[in-house]
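The sequence and the structure come first.

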Amino acid sequence: MNNIYVTQPFLPPLDEFNEYMKQIWTSKWLTNGGQFHEEFENALCDYLGVKNVCLFNNGTLALIIALKALRITGEVITTPFSFVATTHSLWWNNIKPVFADIDRETFNIDPEKIEDAITPQTTGIMPVHVYGNPCDVKAIQEIADIYNLKVIYDAAHAFGVTLNDESVLNFGDLSVISFHATKVLNTFEGGAIICHDKKMKRHIDDLKNFGFRDETTIVAPGINAKMNEIQAAFGMLQLKYVDEAIDRRKAIAEIYRENLINIEGIYFQNDLPGIRQSYTYFPILIDEKKYGKSRDELYEYLKAHNIFGRRYFYPLISNLSTYKGLKSSAPRNLPVANDVAERVICLPLYPDLKKNEIEWIIDSIYMGNRVVSDRKQHLGIS
Ligand SMILES: *Cc1c(COP(=O)(O)O)cnc(C)c1O
């Protein structure tokens, strides 16, 4: 068996991409808001069902600029169970992250824990739609309204996710998505901010391009975080294939669920009611007592069988050296997040994953538990 990694980027046919490249070679317009940049922004508005899209060269800079655009300062309440970029974007804005624990079912920030974490310095909430499962957007907005807080969703996993047929990206003040190579739709690297009105879009567009309005008008101390034409052209091409890619991801997730349900001590998430998922990840939780191996033992066992799952999200952000000194990082403040981070593995999930590879992964998880229980039986231990 060849090595099977947690993900593999989806790549459209190269000759189709060459057609786009020819246009760029002819126009010699490589960046600074060209034709493809505009086309991709408009196409994303249509596809996602959102009003305004501001393209970025990656999701992390989009998060950093989103916080700047809303002039967020002081403290922001966020989740420790995410990719590090969520909290790093606060650090880069000199904002103090305040961690709140997560919900045991969705692994998203628990709205009840948000209220406890509010102080006079709190100005915003940065939740994450972890693995594409929408947060409790209604409860979060209610808290934000009462305390006059801004809400920025890290929606890096939520491309194409809808909640009762409405894009999950329409909630909160701003949402940020990522087009990194590992995400459902990739532009090699890339990202975007979704916002509600044209004025905010213009402000964000200023901030991502040095504050340039025209040749001599510089309205803000902006940075350089814009998407280039090659990324945008690639995004246009990817959009043609993304529904197919999501369908394929869904089919694989269903095979996993049908089979893993029979293995004791292995848990997975089901789709939440009213949600269209994009199946960015397939996380499983391991109950060591029931399964017979710890998470790390299974992780190593799978590696020995050429299966390279990833322990997303471990270590927990609140346990990293940069953040662990914060009061809110204390493990007793975050029992659920610490528990999930110790027990999770994301299994390989990508459109080109083959049937025999999926079977190999499922069989290996099945055998991983047999080996231990058979040996115990052999040794006469129950
Ligand atoms: C991928 C990701 C990002 C940002 O990603 P970039 O690689 O900078 O595009 C941010 N937050 C989460 C939760 C992510 O998974």
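By class, the shell around the ligand consists of nine polar, four nonpolar and two charged residues. The model is a predicted one. In it, 15 residues surround the ligand, and the closest are Thr60, Asp154, His157, Ser178 and Lys183.

| Side chain | Ligand atom | Distance |
|---|---|---|
| Threonine 60 | oxygen | 2.6 Å |
| Aspartate 154 | nitrogen | 2.7 Å |
| Lysine 183 | oxygen | 3.2 Å |

On its own the ligand has 380 Å² of accessible area, and the protein covers 92% of this area. Two elements give two or more residues to the shell around the ligand: helix 3 (59-69) and helix 4 (85-91). Helix 3 supplies the largest share, with three residues.

Helix 3 also takes part in a helix pair. Two packed helices are described by the angle between their axes and the distance between the axes. The axes of helix 3 and helix 7 (residues 198-208) come within 10 Å and cross at roughly 125°. An angle of 65 to 115 degrees would count as roughly perpendicular and one over 145 as roughly antiparallel, so helix 3 and helix 7 are oblique to each other. Their crossing is right-handed.

A second pair is formed by helix 2 (residues 35-48) and helix 8 (residues 229-260), whose axes are 6 Å apart and which pack at an angle of about 25°. Angles under 35 degrees count as roughly parallel, and helix 2 and helix 8 are therefore roughly parallel to each other. The crossing in which helix 2 passes helix 8 is left-handed.

The remaining items concern the backbone. Most residues other than glycine have a negative phi, and most peptide bonds are trans. Where does lysine 28 lie? Lysine 28 is in the loop between helix 1 (14-27) and helix 2. Lysine 28 is not a glycine, yet has a positive phi of about 55°.

Cis peptide bonds are the other backbone feature. One joins tyrosine 312 and phenylalanine 313, with omega at about 5°. Another joins tyrosine 314 and proline 315, where omega is about -5°. Phenylalanine 313 is located in the loop between strand 16 (307-308) and helix 11 (335-343). Proline 315 is likewise found in the loop between strand 16 and helix 11.

Terms used
Residues are numbered from 1 along each chain as its sequence is written. This is a predicted model: local features need pLDDT of at least 70, side-chain atom pairs count only at pLDDT 80 or more; totals for chains, interfaces and linings use all residues. Side-chain values use heavy atoms; hydrogens and water are left out. A residue is near a molecule or strand if one of its heavy atoms lies within 4 Å of it. A polar contact is a pair of N or O atoms within 3.5 Å; within protein, one must be able to donate a hydrogen and the other to accept it, and residues adjacent in sequence count only if both atoms are side-chain atoms. Accessible areas come from the Shrake-Rupley method with a 1.4 Å probe; for residues, only the protein chains shown count as cover. Helices (H or I, at least four residues) and strands (E, at least two) are DSSP runs, numbered from the N terminus. Ala, Val, Leu, Ile, Met, Phe, Trp, Tyr, Cys and Pro count as nonpolar, Asp, Glu, Lys and Arg as charged, and the others, Gly among them, as polar. Axes are lines fitted to C-alpha atoms, for helices over the stretch in contact, and angles run from 0 to 180 degrees between N-to-C directions. A crossing is left-handed if the near helix is turned anticlockwise from the far one by less than a right angle, and right-handed if clockwise.
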